[in-house]
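Colleague: I would like to learn how to read a structure one feature at a time, with the general idea before each case.

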Amino acid sequence: MNPIGFSTGAIALGDYSRALLLLSNISTTAIELSALRVNEIGPLIEALPALDLAKYQYISIHAPSSYLPEQEQGIAELLWAIPARFAIILHPDAIHDAALWKPFGSRVAIENMDRRKLIGRTVKELEHCFSSLPDARFCFDIGHARQVDPSMTEAYLILNRFSDRLVQVHVSEVDAQSKHALISYAAELAFADVARFVPEWVPLILESRVTPNQIQSEIFRALDIFSRPAFAA
Amino acid sequence: MNQVDLLAEEIGGNWPSIRQARSNSLETIGKLTESLEAFTAPDTSVVISGSLARFEMTPGSDIDWSLLLDGPSDPNHLKISQEIGAAVNQVARKGVGKEGTFGTMVSSHNLINYIGGEVDTNSNTTQRSLLLLESRCIGNAEAYNRVKRNLLKRYLSEDSGLWRASVENKLPHFLMNDLARYWRTMTVDYAYKQRTRGGVGIPLRNIKLRMSRKLIYVAGLLACYDCHLAFDDEARVEFYKDRNVPGLVARLHETLEQTPLEITANLLRRFPEHNDATKKLFDAYDQFLRLLLNDDSRNHLEQLHADATENDAIYLKAKEAAHQFRDALEEIFLDGRSILKKFTIKYGVF
């Protein structure tokens with residue numbers, strides 16, 4: 001069974017303390033601390049020593065998804081302060097200067113993008129991203145991949161090509177407006193087509209926007225999808 | 001180097017008309033891309049089919065196109081398709097066909113969900129089959145690739161026998177049967193057009209049926225055979241035991257991105273025992289394209305009445321090429337000793 005957990009942003013947007021509180025009684029061993037907006041990253045890193053993250057075997061931080069070129073160096077400098085074992089999740093379209101991220105090596109993980117973006121959506125586009133960050137790892141967003149190609153062929157090709165870089169999987173429905181939502185039945189069927197290509201040790205990070213009473217059922221749903229044998233898909 | 005040129009190099013073929021038609025096609029596609037790119041978007045693709053998509057364009061070719069829709073409905077799609085039609089007419093020498101199958105909007109929903117049954121109209125079967133067998137996209141290809149992959153996913157995921165461990169030959173029967181049905185549909189529609197349009201132009205239509213229409217069926221069959229032939233025994237068992245539908249969709253999609261001539265050359269290159277027949281096949285096709293590249297002979301065939309073919313020198317030359325093409329196919333698919341014969345007899349005939 002894959003380690004599983006939530007993105008704090010999916011539970012409480014920028015309020016990671018509230019998200020951690022809501023998750024404290026839920027059986028999860030992975031977590032993604034979300035700082036999608038530029039003004040969230042500084043306070044989050046400052047608060048890290050005080051956060052109770054003891055139960056999490058896998059921790060990642062989602063770097064801001066959009067910022068100005070002149071803000072990039074400051075963001076990168078802040079991220080040097082986080083523990084080396086935390087993966088840093090980066091959107092390829094947010095990168096203005098890859099040279100700032102290259103020294104992070106395998107600590108950064110490039111995420112595949114949704115349909116709105118012009119880069120990072122397909123194998124070909126991701127290859128281009130990894131060419132400037134050759135040591136970076138990979139965060140596979142299965143909802144983004146399904147939105148780009150509902151047949152899940154591109155998802156399969158992406159997993160096939162970048163499996164050796166895979167560090168975590170984002171799981172959620174991604175709707176027509178590119179918003180993260182609860183996993184629908186249609187998404188469940190599509191995800192099941194490629195779930196077997198995600199190794200068992202890879203953490204699943206849920207990005208479904210949930211209310212507190214939906215947290216547990218969404219975890220069960222994701223685990224069910226990713227633990228099905230090939231022929232039940 | 002494309003597969004046809006590689007084959008030519010390997011077996012000593014010289015097919016200048018195939019090269020010429022390819023060059024014509026690439027030039028026209030370049031012009032269309034310039035004028036049509038602005039009409040495409042992530043949810044809509046301009047799809048061409050026919051000789052241009054097969055890279056077999058000759059000066060008298062028309063340009064069959066459609067606006068493929070794979071997203072929210074938009075009343076402006078009609079205006080967009082009218083603008084596309086006007087832009088294509090600037091490039092094409094002839095208008096699209098009379099049946100109304102092309103030069104219009106096509107919804108992905110019908111293509112993907114209406115396979116078989118009452119709802120699968122002649123137009124739908126044609127558009128679906130040609131999307132797989134002889135299509136190309138101008139400009140943004142997102143919708144085009146999504147629809148093709150989803151279509152292949154339907155054929156492959158619903159093919160129960162394909163994934164059964166006890167089934168040794170891994171051929172996608174659902175897809176193969178639909179392609180065979182389309183080939184027979186084209187032959188029946190030939191008779192229909194002969195009846196409804198009178199005898200003029202029928203000889204050219206007849207030659208096209210025997211050559212280019214037959215070729216797309218051959219390429220479709222070979223693409224299906226490749227689902228088995230692409231693997232050695234061990235790799236095949238491993239691949240199919242996990243019901244790897246997306247993996248097979250990816251493979252078949254890549255195969256079908258080639259033109260029918262390229263698919264045929266690619267597959268037949270693996271069967272050197274058929275080199276003589278393969279050369280004969282491509283020689284015949286080159287001869288067929290030579291006739292169409294020549295304005296005089298093409299115009300002659302276009303104006304020729306079905307009743308006047310018996311002693312017509314140009315028609316007889318075209319017919320000779322068609323017979324050579326047929327004989328070469330028989331040698332490869334029905335008389336040979338390779339697995340192609342086994343598959344064709346076992347699955348392609350009965």
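Predicted model: local features only at pLDDT ≥ 70, side-chain atom pairs only at ≥ 80, totals over all residues.

Colleague: Which residues of helix 8 of chain A are buried, and which exposed residues does the face turned away from them carry?

Modeller: An α-helix has 3.6 residues a turn, so residues three or four places apart point the same way. A residue is called buried if 20 or more other C-beta atoms, placed from the backbone, lie within 10 Å of its own, exposed if 12 or fewer do, and partly exposed in between. Helices (H or I, at least four residues) and strands (E, at least two) are DSSP runs numbered from the N terminus. In helix 8 of chain A, residues 185-194, the buried residues are A:Ala187, A:Ala190, A:Phe191, A:Asp193 and A:Val194. They lie on the same side of the helix because they cover an arc of only 145 degrees around its axis, the arc being that of the directions from the helix axis to the C-beta atoms. The face turned away from this buried side carries the exposed residues A:Tyr185 and A:Leu189.

Colleague: What covers the buried residues of that helix?

Modeller: The cover includes helix 6, helix 7, strand 8 and helix 9 of chain A, together with helix 10 of chain B.

Colleague: How should I read phi, and what is its value in A:Met152?

Modeller: Most residues other than glycine have a negative phi. A:Met152, although not a glycine, has a positive phi of about 70 degrees; this residue lies in the loop between helix 6 and helix 7 of chain A and is buried, with 28 other C-beta atoms within 10 Å. In chain B, B:Phe55 has a positive phi near 60 degrees, sits in the loop between strand 1 and strand 2, and counts as buried because it has 25 C-beta neighbours inside 10 Å.

Colleague: How many residues does the largest nonpolar core have?

Modeller: In soluble globular proteins, nonpolar side chains tend to be buried together. A nonpolar core is a set of buried Ala, Val, Leu, Ile, Met, Phe, Trp, Tyr and Cys residues joined through C-beta atoms within 7 Å. Here the largest has 158 residues, and A:Ala109 and B:Phe288 have the most contacts inside it. Its largest share, 14 residues, comes from helix 8 of chain B.

How values were computed: Residues numbered from 1 in each chain as written. Chains lettered and ligands numbered in written order. Contact = placed C-beta atoms within 7 Å.
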